[in-house]
Amino acid sequence: MTQKACRECHLITTGNICSKCKTATLSDDFSGLIIVIDPEESKIAKTMETKEKGRYALRVR
Ligand SMILES: [Zn+2]
């Protein structure tokens with residue numbers, strides 16, 4: 001399965017739509033990987049402006 005990153009929220013998904021924003025604006029050209037485990041406490045989650053656990057791409061082209 002190919003992994004793709006959402007251009008809107010950078011969430012990495014294996015489906016055809018982003019499970020978070022329900023859009024199909026996905027890109028297979030992304031770099032970096034951020035794993036958010038505890039969104040409430042995570043500074044990374046704040047930087048990424050997310051409140052959900054998951055794997056996020058650092059950069060999406
Ligand atoms: Zn998204």
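Reader: Where is Glu8 found?

Author: In this predicted model, Glu8 sits in the loop between S1 and S2.

Reader: Is Glu8 buried, exposed or partly exposed?

Author: The way to tell is to count neighbours: 20 or more other C-beta atoms within 10 Å make a residue buried, and 12 or fewer make it exposed. Glu8 has 14 other C-beta atoms within 10 Å, so it is partly exposed.

Reader: Which residues does Glu8 touch, leaving out those up to four places away in sequence?

Author: Glu8 touches Cys18, Cys21, Thr23 and Thr25. Leu26 is 18 residues from Glu8 along the chain, and their C-alpha atoms are separated by 8.3 Å.

Reader: Which residues make up the largest nonpolar core?

Author: The general idea is that nonpolar side chains tend to be buried together in soluble globular proteins. Here the largest nonpolar core has 12 residues, among them Ala5, Cys6, Leu26, Phe30, Met48 and Val60. S1 and strand S5 (54-60) are the elements that give two or more residues to this core. S5 gives the most, with 3 residues.

Reader: How many helices and strands does the protein have?

Author: The protein has 1 helix and 5 strands, and along the sequence they follow the pattern β-β-β-β-α-β. The radius of gyration is 11 Å, close to the 10 Å that the globule rule gives for 61 residues, so the protein is as compact as a globular protein of that length. The C-alpha trace spans about 30 × 20 × 20 Å along its principal axes. Of the 61 residues, 23% count as buried.

Reader: Which element has the lowest mean pLDDT, and which the highest?

Author: Where pLDDT is low, the predicted coordinates should not be read in detail. In this protein, helix H1 (residues 43-47) has the lowest mean pLDDT among the elements, 86, and strand S3 (residues 26-27) the highest, 97. The average for the protein is 92, and 100% of the residues score at least 70.

Technical notes: Residues are numbered from 1 along each chain as its sequence is written. This is a predicted model: local features need pLDDT of at least 70, side-chain atom pairs count only at pLDDT 80 or more; totals for chains, interfaces and linings use all residues. pLDDT is the predictor's confidence in each residue, from 0 to 100. Helices (H or I, at least four residues) and strands (E, at least two) are DSSP runs, numbered from the N terminus. A nonpolar core is a set of buried Ala, Val, Leu, Ile, Met, Phe, Trp, Tyr and Cys residues joined through C-beta atoms within 7 Å. Two residues are in contact if their C-beta atoms, placed from the backbone, lie within 7 Å. The radius of gyration is taken over C-alpha atoms; the globule rule is 2.2 Å times the number of residues to the power 0.38.
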